[in-house]
Amino acid sequence: MSSAHLADGSAPELSEVEFGMILSGHAFERWMVRCMTAAGEPGLTATEILVLHTVTHRGKPKRLADICLVLGIEDTHLATYAIKKLEQRGLVVREKAGKERLVAVTEAGEAACGRYRTLREKILVEGISELGLSAERMSEIAHLLRLLSGHYDQAARTAASL
């Protein structure tokens with residue numbers, strides 16, 4: 001645990017979980033950036049990569065609000081900046097649909113995500129299989145992470161109102 005002063009309360013194991021989430025979060029961001037660099041798109045941040053993958057998802061253009069909702073981005077300026085950078089690199093385009101502006105992936109963006117996926121399969125998925133976790137156990141872990149995320153979101157809203 002990284003914060004003994006936080007573990008003195010009634011749930012010291014929570015401090016262990018939080019430290020694990022910190023390490024996992026940073027490792028995941030490093031992985032995304034380095035994988036995308038290896039896929040031929042150096043210089044993108046983790047947020048930009050997440051936005052690109054979100055826009056690529058299901059091949060349908062997305063509204064800024066939907067991108068922010070899916071990724072849990074509160075400050076739309078972060079997503080807007082990411083979209084501008086991706087657009088400058090030719091990975092996404094913004095298009096008008098009535099009064100709305102949608103963000104769509106380009107062929108270059110799809111190709112980058114495809115290269116990322118290939119590397120992910122080769123480097124990450126093969127390594128994860130060595131852990132011996134069943135598909136069911138991985139789903140349980142994902143479910144737990146989503147539950148924890150919701151709990152921390154609720155706690156953040158409560159703290160903001162104090």
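I take contact to mean heavy atoms within 4.5 Å. The model I am reading is predicted.

**Entry: Thr 56**

I started with Thr 56, which sits in helix α2. Is Thr 56 buried or exposed? Its relative accessible area is 18%, and the cut-off for buried is under 20%, so I log Thr 56 as buried. Next I looked for a polar partner of its side chain. A polar atom there lies 2.7 Å from the backbone oxygen of Leu 52. Then I listed contacts, leaving aside neighbours within four places in sequence. Thr 56 touches Val 105, Glu 110 and Cys 113.

**Entry: Thr 54**

I moved to Thr 54, also placed in helix α2. Thr 54 counts as buried, because its relative accessibility is 10%. Which backbone oxygen lies 2.8 Å from a polar atom of the Thr 54 side chain? I found that of Leu 50. With neighbours within four places again set aside, I noted contacts from Thr 54 to Lys 62, Ile 67, Val 70 and Leu 71.

**Entry: the sheet**

I traced the strands next. The sheet is open and has three strands, in the order β1-β3-β2, with antiparallel pairing. β1 (62-63) and β2 (92-97) are the edge strands; each has a single partner strand, so one side of each lacks a neighbour in the sheet. I checked the pairing of β2 with β3 (residues 100-105): antiparallel, over six bridges. Within it, I found Glu 95 opposite Leu 102 in β3.

**Entry: helices on the sheet**

Which strands does helix α2 lie across? I see α2 (residues 46-56) across β1, β2 and β3, at about 95 degrees to β3. Helix α4 (residues 76-88) also packs on the sheet, where I see it touch β2 and β3. The direction of α4 makes about 110 degrees with that of β2.

**Entry: the core**

I then looked up the largest nonpolar core, which has 23 residues. The members that touch the most others are Met 36, Val 51, Leu 52, Val 55, Leu 86, Val 92 and Tyr 116. I recorded the elements giving two or more residues to this core: α1 (12-38), α2, α4, β3 and α5 (107-129). Which element gives the largest share? I found that α2 does, with five residues. In soluble globular proteins, nonpolar side chains tend to be buried together.

**Entry: Met 36**

I listed contacts with Glu 41, Pro 42, Leu 44, Ile 49, Leu 52, His 53, Ala 112 and Tyr 116. I note that Leu 52 and Tyr 116 are also among the core residues that touch the most other members.

Conventions. Residues are numbered from 1 along each chain as its sequence is written. This is a predicted model: local features need pLDDT of at least 70, side-chain atom pairs count only at pLDDT 80 or more; totals for chains, interfaces and linings use all residues. Side-chain values use heavy atoms; hydrogens and water are left out. Two strands pair if DSSP finds at least two bridges between them. Helices (H or I, at least four residues) and strands (E, at least two) are DSSP runs, numbered from the N terminus. Axes are lines fitted to C-alpha atoms, for helices over the stretch in contact, and angles run from 0 to 180 degrees between N-to-C directions. Buried means under 20% relative accessible area, exposed over 50%, partly exposed in between (1.4 Å probe, protein chains only). A polar contact is a pair of N or O atoms within 3.5 Å; within protein, one must be able to donate a hydrogen and the other to accept it, and residues adjacent in sequence count only if both atoms are side-chain atoms. A nonpolar core is a set of buried Ala, Val, Leu, Ile, Met, Phe, Trp, Tyr and Cys residues joined through side-chain atoms within 4.5 Å.
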